[in-house]
Amino acid sequence: MERCKWAYSDELREYHDHVWGIPQHDEVQLYKMLILEGLQAGLSWEIILKKEKAYEQAIDGFDYLKIAQYDETKYEELMQTPLLIKNKLKMRAIISNAQAFVKVQEEFGSFDQYIWSYVDFQPIKHHYASSKDVPSYDALSQKISQDLKKRGFKFVGPTIIYSYLQAIGIYNDHEINCDFY
């Protein structure tokens, strides 16, 4: 089987084959991927994948409705939880992004409706020969990033949002020789 060159480890292959680039419409999964992409800032994706289960256990299975209600006591507990990244801003963003996520749902009916409306509910298939050709951001990721920031989201810069669009299948950036292209 041919895969994108970046899928070189077991964790990355599993993610590549079963998550990345597959159109996603489940609200919990949309929130989860937004959080994981934000956590990845400055780190490798492989590190985040290895910590995914710990986050799932620590933050109620990425249930954004529960997370939006977290208080200072829960924040402090999370900061002491083994395996979680001890970055104060990233930890606070998990909570504040859940609150912003709920507000978007209230305004648009769902986060899915909000995020997919940017592409008229159709995935965009790019045609890159190599992952080295994939930009780190583009005009769409800049536009979405700006809007999310206005809505109170954190760790949603254009590069993070470009990766998010790949992760949730809005962008299909599989290399053209990859079987998943």
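By class, how many nonpolar, polar and charged residues does the lining of the largest cavity have?

A: The model is predicted, with local features needing pLDDT of at least 70 and side-chain atom pairs counting only at pLDDT 80 or more, while totals for chains, interfaces and linings use all residues. Residues are numbered from 1 along each chain as its sequence is written, and side-chain values use heavy atoms, with hydrogens and water left out.

The lining of the largest cavity has 7 nonpolar, 2 polar and 2 charged residues (Asp, Glu, Lys and Arg count as charged, Ala, Val, Leu, Ile, Met, Phe, Trp, Tyr, Cys and Pro as nonpolar, and the others, Gly among them, as polar). A search of the whole structure finds 1 cavity of 30 Å³ or more (a set of points on a 1 Å grid where a 1.4 Å probe fits but cannot get out, with lining residues having an atom within 4 Å of a point). The volume of the largest cavity is about 70 Å³, taken as the space filled by probe spheres set on the points. Around this cavity lie Leu-34, Ile-35, Gly-38, Leu-39, Lys-90, Ala-93, Ile-94, Asn-97, Lys-154, Phe-155 and Val-156. Two or more residues of this lining come from each of the elements α2 (27-40) and α6 (88-108) (helices are DSSP runs of H or I with at least four residues, numbered from the N terminus).

Turning to charged contacts, the count comes to 7 salt bridges (a side-chain nitrogen of Lys or Arg within 4 Å of a carboxyl oxygen of Asp or Glu). One of them joins the side chains of Arg-13 and Asp-10 at 2.6 Å, N to O, and both residues lie in helix α1 (residues 10-18), 3 residues apart, about one turn of the helix. Arg-13 is partly exposed, with a relative accessible area of 26%, and Asp-10 is exposed at 58% (buried means under 20%, exposed over 50%, and partly exposed in between, with a 1.4 Å probe and protein chains only).

In helix α5 (residues 72-80), Lys-74 and Glu-77 likewise lie 3 residues apart, about one turn of the helix, and the closest N and O atoms of their salt bridge are 3.1 Å apart. Here Lys-74 counts as buried at 16%, whereas Glu-77 is partly exposed at 44%.

Another salt bridge links Arg-151 with Asp-147, the closest N and O atoms being 2.7 Å apart. Salt bridges that share partners join Glu-107, Asp-147 and Arg-151 into one network, in which Asp-147 is buried, with 16% relative accessibility, and Arg-151 is partly exposed, with 26%.

Terms used: On a 1 Å grid over the protein atoms alone, a cavity is a set of points where a 1.4 Å probe fits but cannot get out, and a pocket is an open set with protein on both sides within 12 Å along at least five of seven lines; lining residues have an atom within 4 Å of a point.
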